[in-house]
Amino acid sequence: MSFFRVEKLGIRFGGVVAVDDVSFEVKRGEVYTIIGPNGAGKTTIFNLIGLIYPASSGRIVFEDQDLTGLAQHRVAELGIARTFQNIELFEHATVLQNLLIGRHRHRSTSLWEEMLFTGSVRRAEIAQREAVEKVIDLLDLAHYRDSRVAGLPYGVRKVIELGRALASEPRLLLLDEPSSGLNPEETDEMAFWIEDIKKGLGVTVLMVEHDMNLVSRVSDRVLALSEGRVIAEGTPAEVQSHPAVIEAYLGGAAVSPPLSPPLSASS
Amino acid sequence: MRFVFKTNYDQDIRLFKHSGQVFWYGLLIAALLVAPSLVDEYVMSQLHFILIYSIVGLGLMLLVGFTGQISLGHAAFLAIGAYTEALLQARGVPFVISLPCAALFSAMLGFILGLPALRLKGIYLAIATLAFNVIVEEVITRWESLTGGNTGQHLKPIVIFGYSLASDAAFYYLCLALTILSILAMMNLLRSPTGRAFVAIRDSEISASCMGVNLAKYKTLSFAISAALTGIGGALYAHKVTFISPEQFTLLQSIELVTIVILGGVGSLHGAVLGAAFLIVLPQLISIAKDYLPGNVAGSGLQAVVFGVVLIGFIVFEPLGLYGRWLKVRTWFELFPFYRKGMFRRQKSYMKSERLR
């Protein structure tokens with residue numbers, strides 16, 4: 001039984017084939033990164049996994065359950081949480097409320113109990129807050145607990161979004177460009193957290209990332225995409241030195257000694 | 001300024017955050033309880049309307065302010081509640097059964113209206129709900145064998161377990177009790193997972209869905225709860241005016257109900273009550289003002305003009321409504337002399353993902 005795998009996944013928008021016949025497998029407990037130039041189809045793969053787009057072909061299998069054809073919200077209920085490249089937080093709610101939404105799949109109370117706010121609802125709410133508090137501690141968000149998201153800086157929002165995904169206690173965490181828009185120190189912190197999430201919480205991470213320093217630091221394996229197709233898979237070092245990857249980033253004519261290593265800088 | 005130092009999770013959950021709130025709300029409830037013996041018949045009647053419209057406002061606030069779904073058809077639910085109550089009473093059904101029936105029947109139709117909301121957003125949803133309003137109004141007018149059409153329906157005073165609520169004070173206490181219960185139910189809902197799911201849908205449908213919120217379920221649920229409260233309001237309204245006919249539940253009524261939400265302050269329960277009070281008091285103020293105005297200004301169109309100006313004024317200068325204004329005044333006093341002008345300025349949200357829409 002594989003933990004998570006994608007089989008011959010494809011989607012086309014009209015005449016554009018955004019993702020074409022992509023297959024890969026993520027092992028339990030690893031950090032698996034998808035890289036590729038702009039427009040390679042990385043985020044599209046995330047949206048396919050999240051069932052935001054219906055796949056034109058192929059299967060997505062999580063712990064032997066085929067996701068294709070399920071309702072969108074079922075993905076989170078199965079234990080897959082994600083963050084967004086451009087941050088999709090609940091702007092007019094506090095940080096605490098945002099994280100509590102992450103606990104939605106662990107709710108246990110019915111509508112009538114909630115309207116009456118019975119003892120069981122109160123106990124459940126306190127338990128939810130205890131769980132959220134662990135995430136707040138881990139990501140060092142205590143300072144912002146009761147502030148509204150709308151006024152917070154970008155770097156903090158990025159962490160809150162990670163926190164919201166973690167609050168759902170996922171088994172698979174999808175991170176869409178966790179370092180985009182962050183300064184070097186914040187990226188450094190993000191790398192620590194990803195390692196913590198993997199080792200401390202035992203959560204498997206599937207990540208899309210541009211910053212090759214971050215990628216080679218935290219990833220166990222890397223998949224390179226170009227124009228919707230897989231061009232290389234392996235350890236970060238293997239993929240970085242793969243000729244097809246170098247060609248995809250720098251163009252065919254550029255494969256000459258002076259330009260290596262080509263992917264050490266973030267793009 | 002009061003700082004609440006939190007030492008346990010219960011402090012986040014409880015309804016009253018500190019003793020000051022207990023005191024002031026206690027005072028308010030005490031004042032409302034003794035009101036019947038202090039005010040005259042006319043003011044009493046206005047209080048009836050404020051309480052009834054508060055219940056309706058709470059229902060609409062849940063939908064518009066907390067779930068982010070617009071409805072221009074809530075007068076239809078008011079009508080459905082009113083007619084259910086009138087028809088059941090005419091057939092001898094006791095009030096303790098007919099009122100829940102009015103709420104339940106409204107909720108069912110609210111659920112049905114919620115179904116198109118799964119596909120429609122913004123202005124298109126407004127049009128769909130507007131159409132619903134027109135359909136319901138038309139059905140009530142044409143279905144004369146059941147509703148009496150334009151002849152309308154007369155209602156008798158409410159009787160609960162043999163005790164008649166014909167007096168103003170008794171009806172007032174019934175409305176007050178139902179309003180307080182509605183407010184408590186809404187507050188409880190909003191501090192539990194269902195309420196958070198509503199707010200999540202309002203702020204970002206895509207990430208709500210990615211966190212496991214079933215959009216279809218919660219949107220229709222929000223419509224149903226909202227319609228149920230409006231139905232209860234409708235039933236009370238029918239008893240208040242004792243005569244109902246289709247022309248009381250037109251599109252104009254729906255717009256007035258939305259006005260409650262906007263004037264009161266979108267996204268606050270206080271706003272629903274404040275908006276309702278404002279909607280009832282403003283026409284009275286206008287009619288008092290008419291005595292002092294020259295005849296050609298104090299025509300019948302004056303009220304519509306004032307309403308329009310007030311609405312535009314609020315949208316431009318105070319989008320947070322009456323409750324937002326109250327918050328600013330309170331903060332000014334709490335922080336005196338450190339209040340800054342830009343403290344409540346709303347931040348533009350930036351970097352919103354466009355590619356998923």
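Let me start with a term: a residue is buried if 20 or more other C-beta atoms lie within 10 Å of its own, exposed if 12 or fewer, and partly exposed in between, with C-beta atoms placed from the backbone. A:Asp140 is exposed, because 12 other C-beta atoms lie within 10 Å.

Hello everyone. What we have here is a predicted model, where local features need pLDDT of at least 70, side-chain atom pairs count only at pLDDT 80 or more, and totals for chains, interfaces and linings use all residues. Residues are numbered from 1 along each chain as its sequence is written, while chains are lettered from A and ligands numbered from 1 in the order in which they are written.

Let me stay with A:Asp140 for a moment. A:Asp140 sits in the loop between helix 5 and helix 6 of chain A; helices (H or I, at least four residues) and strands (E, at least two) are DSSP runs, numbered from the N terminus. Its phi is positive, about 60°, although A:Asp140 is not a glycine. Most residues other than glycine have a negative phi. A:Asp21 also has a positive phi, of about 55°, and is not a glycine. You will find A:Asp21 in strand 2 (residues 16-26) of chain A, and A:Asp21 counts as partly exposed because 14 other C-beta atoms lie within 10 Å.

Still in chain A, A:Tyr154 belongs to helix 6 (residues 154-167). A:Tyr154 is partly exposed, with 14 C-beta neighbours inside 10 Å. From the C-alpha atom of A:Tyr154 to that of A:Gly15, 139 residues apart along the chain, the separation is 36 Å.

Now, how is chain A divided? There is domain 1 (1-79 + 171-236) and there is domain 2 (84-169), with bounds that come from an automatic or database domain assignment. Taken over C-alpha atoms, the centres of domain 1 and domain 2 of chain A are 24 Å apart. Between them, 14 residues of domain 1 of chain A are in contact with 12 residues of domain 2 of chain A, where contact means that the C-beta atoms of two residues, placed from the backbone, lie within 7 Å. On the domain 1 side, helix 2, strand 7 (172-176) and helix 7 (184-199) of chain A each supply at least two residues. Helix 7 of chain A gives the most to that side, with four residues. By class, the domain 1 side has six nonpolar, three polar and five charged residues. For those classes, Ala, Val, Leu, Ile, Met, Phe, Trp, Tyr, Cys and Pro count as nonpolar, Asp, Glu, Lys and Arg as charged, and the others, Gly among them, as polar.

On to the two chains together. How many residues of chain A are in contact with chain B? The count is 39 residues of chain A, against 31 residues of chain B. On the chain A side, helix 2 (72-77), helix 3 (95-102), helix 4 (111-116) and helix 5 (119-139) each supply at least two residues. The largest share, six residues, comes from helix 5 of chain A. That side of chain A divides into 15 nonpolar, 12 polar and 12 charged residues.

Axes here are lines fitted to C-alpha atoms, for helices over the stretch in contact, and angles run from 0 to 180 degrees between N-to-C directions. Helix 4 (residues 74-90) and helix 12 (residues 251-264) of chain B have axes that come within 7 Å and cross at roughly 110°. Helix 4 and helix 12 of chain B are therefore roughly perpendicular to each other; under 35 degrees counts as roughly parallel, over 145 as roughly antiparallel, 65 to 115 as roughly perpendicular and the rest as oblique. In this pair, B:His74, B:Ala75 and B:Leu78 of helix 4 meet B:Gln253, B:Ser254 and B:Leu257 of helix 12. The contact has three nonpolar, three polar and no charged residues.

Helix 12 of chain B also packs with helix 3 of chain B, at an angle of about 75° and with their axes 9 Å apart.

Last stop, the largest nonpolar core: which residues touch the most other members? They are B:Ala79 and B:Ile232, in a core of 162 residues. A nonpolar core is a set of buried Ala, Val, Leu, Ile, Met, Phe, Trp, Tyr and Cys residues joined through C-beta atoms within 7 Å. Helix 3 (residues 41-66) of chain B gives the most to this core, with 14 residues.
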